[in-house]
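Here are my notes on the model you sent, as numbered points.

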Amino acid sequence: MVSSDTGEGVTSVRTDGPGFLTERDDLTAVREEAVAFIRDKVTGAGAQGAVVGLSGGVDSTLTAHLAVQALGSDRVLGLGLPAHTDEDNAQEARTMAEGLGIEFREVDLRPLLDLFEDHVAPEVAPGGGRRAIGNLTARLRMCALYYAANARSYLVCGTANRSELLLGYFTKYGDGGADLFPMGDLYKTEVQALAQQVGVPRRIVAKEPTADLWAGQTDAEDLGARYSEIDPVLRRVVDRSERVEDVLDDVDASPETAETVARLYVDSLHKRAVPPTPGIDDRGTGSSGSHPLHLAPMASGL
């Protein structure tokens, strides 16, 4: 499943096979490519380093680990931004930052959330509900990450994986807002395998996934299934363009789960797209990231 060298010292990984990138050789290639990606994006943007939000979970721990490999521990900042966070998770974030040798700062966002709920929410949308406050929590965290990034001339290194991105299981301009997603091409299944390979403690790899948007929240409860059921459906339906009903004999998921996964993917398209404009005079939004060829020499990495 691994192709030849790209000519830049990084092995390119194919994802056109039926399985996941969980074998040793595949994971080694994935790690090398992700590390090179971080280094190239930071260098190309003329940035001084990267900031990572650390939650104590596998995604953020692995992202920080890869960032340190790419940039060195002195150029990575870890931010702990608890709000409803279990103390064990908060302590895990501190422990992982110490183990990586990176600077770590922690700020409790609960007082700021309380202030918003008491003074802003009642005025703009009374009765917004738990999910609206959960999304606010994610956006406040990203505000803190970007403040730190702006102040230090760093990039925000996001922690989202491919499973979350395809399902739309992220908050717009919250955890969905970052300068780069080093694990954005990896399913949760593959993230867990890579985390084990690079030495992330098993207790973190095996931890129940949560976005920590409210007390007791878990990914499985929100999505209605675990990633071990979700990922094979996404792999077949999205990557291989197979019909939902045709994959049921080969995946460990019920028809209801498979249909829900496919529906989440379709309904969350807007979350993966640049905000649209009317297209007046055929101008569009420039969402492709392209630029006139005569400006190519001026283009940076981001």
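1. The side chains of Asp179 and Tyr146 are joined by a polar contact of 3.1 Å. This is a predicted model, and side-chain atom pairs count here only at pLDDT 80 or more. Asp179 sits in the loop between helix 6 and helix 7. Its relative accessibility is 26%, so Asp179 counts as partly exposed.

2. Asp179 is also one of the positions under the UniProt annotation "binding site", which comes from an unreviewed entry. The annotation covers Arg139, Lys172, Asp179, His270 and Lys271. According to the record's notes, such annotations may be inferred rather than shown by experiment.

3. Which residues does Arg139 touch, not counting those up to four places away in sequence? They are Thr171, Lys172, Tyr173 and Gly174. Arg139 itself lies in helix 5, residues 130–152. With a relative accessible area of 32%, Arg139 is partly exposed.

4. Tyr173 is placed in the loop between helix 6 (162–167) and helix 7 (188–198). The relative accessible area of Tyr173 is 56%, above the 50% cut-off, so the residue is exposed.

5. Ser241 is found in the loop between helix 10 (227–239) and helix 11 (244–247). Is Ser241 buried or exposed? Ser241 is exposed, at a relative accessible area of 62%.

6. Four strands make up an open sheet with parallel pairing, in the order 5-4-3-6. Strand 5 (103–106) and strand 6 (154–156) are at the edges and have a single partner strand each, so one side of each lacks a neighbour in the sheet. On average, neighbouring strands of this sheet are turned by 25 degrees against each other, direction ignored.

7. Within the sheet, strand 3 (residues 49–53) pairs with strand 6 in the parallel sense, over three bridges. Ala50 has Leu155 in strand 6 as its bridge partner. Helix 2 (residues 58–71) lies across strand 3 and strand 4 (76–80), and helix 2 runs at about 170 degrees to strand 3.

8. How many salt bridges are counted in the model? The count comes to 16. Side chains of opposite charge can pair when their charged atoms come close. Three of the pairs are taken up below.

9. Arg203 and Glu92 form a salt bridge, with the closest N and O atoms 2.8 Å apart. This pair links distant parts of the chain: Arg203 is in helix 8 (residues 202–205) and Glu92 in helix 3 (residues 87–100), 111 residues apart. Arg203 is partly exposed at a relative accessible area of 48%, whereas Glu92 is buried at 10%.

10. Glu208 and Arg226 meet through their side chains in a salt bridge of 3.0 Å, N to O. Glu208 is in the loop between helix 8 and helix 9 (219–223), and Arg226 in the loop between helix 9 and helix 10; this pair links distant parts of the chain, 18 residues apart. Glu208 counts as partly exposed at 32% relative accessibility, and Arg226 counts as partly exposed at 46%.

11. Arg236 forms a salt bridge with Asp250, the closest N and O atoms lying 3.2 Å apart. Arg236 lies in helix 10 and Asp250 in the loop between helix 11 and helix 12 (255–267), so the pair ties together parts 14 residues apart in sequence. Arg236 is buried, with a relative accessible area of 13%, while Asp250 is exposed at 53%. Salt bridges with shared partners join Arg236, Arg240, Glu242 and Asp250 into one network.

Note on methods
Residues are numbered from 1 along each chain as its sequence is written. This is a predicted model: local features need pLDDT of at least 70, side-chain atom pairs count only at pLDDT 80 or more; totals for chains, interfaces and linings use all residues. Side-chain values use heavy atoms; hydrogens and water are left out. Helices (H or I, at least four residues) and strands (E, at least two) are DSSP runs, numbered from the N terminus. Buried means under 20% relative accessible area, exposed over 50%, partly exposed in between (1.4 Å probe, protein chains only). Contact means heavy atoms within 4.5 Å. A polar contact is a pair of N or O atoms within 3.5 Å; within protein, one must be able to donate a hydrogen and the other to accept it, and residues adjacent in sequence count only if both atoms are side-chain atoms. Two strands pair if DSSP finds at least two bridges between them. Axes are lines fitted to C-alpha atoms, for helices over the stretch in contact, and angles run from 0 to 180 degrees between N-to-C directions. A salt bridge is a side-chain nitrogen of Lys or Arg within 4 Å of a carboxyl oxygen of Asp or Glu.
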